[in-house]
Amino acid sequence: MSIKINIPSYLMPYTDDAEVVEASGSTVGQCIDHLIKQFPRIKKMVFAKDGKLLDYVSIYADGDFIYGDGLATPVKDGDELHLFYVIGGG
Amino acid sequence: MISEDDRERYDRQIMIRGIGEAGQEKLKQAKVIVAGGGGLGSPASIYLAAAGVGTIRIVDHDIVELSNLNRQVLHWDKDVGRNKVESAVEKLSQLNRGVKVEALEVTISEANVSAIVAGFDVIVDAMDNLPTRFLLNKAAIEHNIPFVHGAVFGLEGRVMTIIPGKTACLRCVYRGFTPQEKFPVIGVTPAVIGCIQATEAIKYIVGIGKLLVNRILVYDGLKMKFTEFTVKRNPDCEHCGKSSRER
């Protein structure tokens, strides 16, 4: 299944400036894994050393925020994911 | 009742459908706390004062540094080394003599947050760190005070309005803490976000329009794009969820 992953500007340096990355997979986690396969440097910005999603990163998919425990959420062809991270500056 | 002077000063906004003299009176009676007198707090408080919000309390514990001046437009070259709240009160009072501006030079903590926000109608979250934002979010829920969150990083920003007991809160969407570090920013980003926060506060006070509730607005200045994400209440939220209400 072909999924589009939207990359925020903050993370574009890790995707060779790609704003949208095409990925395949049947779950959110598989799509993120495919993103990392294409752009290995982004892994440290998404996953902690223990392999879990960083607790300040979430994935927005089909109207819901998905956190570390939701990577098995299924996706369907044509879905769009958004990488979302917490910011706190003022 | 608003005065003749008010009628002239606020003439253009009184013309806005839904504001009128009644809305202007609501703004005059309103008490807004702006937590943080920096990048976000500057534009937010400037536009709240210009709009005639009757009481504005600015809370900040910092002094003005030269490196603040690229974005914290309440503070000028002459203010370097001065308390931010003093500098803010001076500018806002000069901008609008009809507004009461209170300075609170304290560090917001778990021990004092409740006393700081009590009695206010709206809290504008203009902090520069997540732990304090979470303290304010929780206090807003406990005191049933609407909370307008804003945050920036580089050329990106976020805004979300929380109506306690009714809509998703900051903790529903932000589950973790980012590492505490010096963050990049240019003044135009908090200018955009702080003005949206002020807009939300004004709309809430007057009772017009559609608030940014149950959705978070993400601004990306590099792409010049606004994206809106739906936010749902987390039933297990430690601030507004069922278990927190039972405690």
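Mentor: Helix H4 of chain B lies across strands S1, S2 and S4 (122-125) of chain B, and H4(B) runs at about 165 degrees to S2(B). Angles here run from 0 to 180 degrees between N-to-C directions, the axes being lines fitted to C-alpha atoms, for helices over the stretch in contact. Helices (H or I, at least four residues) and strands (E, at least two) are DSSP runs, numbered from the N terminus. This is a predicted model, in which local features need pLDDT of at least 70 and side-chain atom pairs count only at pLDDT 80 or more, while totals for chains, interfaces and linings use all residues. Residues are numbered from 1 along each chain as its sequence is written, and chains are lettered from A and ligands numbered from 1 in the order in which they are written.

S1(B) pairs with S2 (residues 55-59) of chain B in the parallel sense over five bridges, where two strands pair if DSSP finds at least two bridges between them, and B:Ile33 stands opposite B:Arg57 in S2(B).

These strands belong to an open sheet of eight strands in chain B, with mixed pairing and the order S3-S2-S1-S4-S5-S6-S7-S8. Its edge strands are S3 (100-104) and S8 (225-230) of chain B, each of which pairs on one side only, and the twist averages 15 degrees from one strand to the next. Further along that order, S5 (residues 147-153) and S6 (residues 156-162) of chain B run antiparallel and are joined by seven bridges, with B:Met160 in S6(B) as the bridge partner of B:His149.

Returning to the helix, H4 (residues 41-51) of chain B packs with helix H5 (residues 84-95) of chain B at an angle of about 30 degrees, their axes being 9 Å apart. H4(B) is therefore roughly parallel to H5(B), since angles under 35 degrees count as roughly parallel, over 145 as roughly antiparallel, 65 to 115 as roughly perpendicular and the rest as oblique. On the side of H4(B), the contact is made by B:Ser45, B:Ile46, B:Ala49 and B:Ala50, and on the side of H5(B) by B:Ala88, B:Leu92 and B:Leu95; two residues are in contact if their C-beta atoms, placed from the backbone, lie within 7 Å. By class, this contact of H4(B) with H5(B) has six nonpolar residues, one polar and no charged ones, where Ala, Val, Leu, Ile, Met, Phe, Trp, Tyr, Cys and Pro count as nonpolar, Asp, Glu, Lys and Arg as charged, and the others, Gly among them, as polar.

H4(B) also has a neighbour in helix H3 (residues 20-29) of chain B, for the buried residues of H3(B) pack against H1 (4-9), H2 (11-14), H4 and H9 (188-206) of chain B. Those buried residues of H3(B) are B:Gly23, B:Gln24, B:Lys26, B:Leu27 and B:Lys28.

Technical notes
Buried ≥ 20, exposed ≤ 12 C-beta atoms within 10 Å, placed from the backbone.
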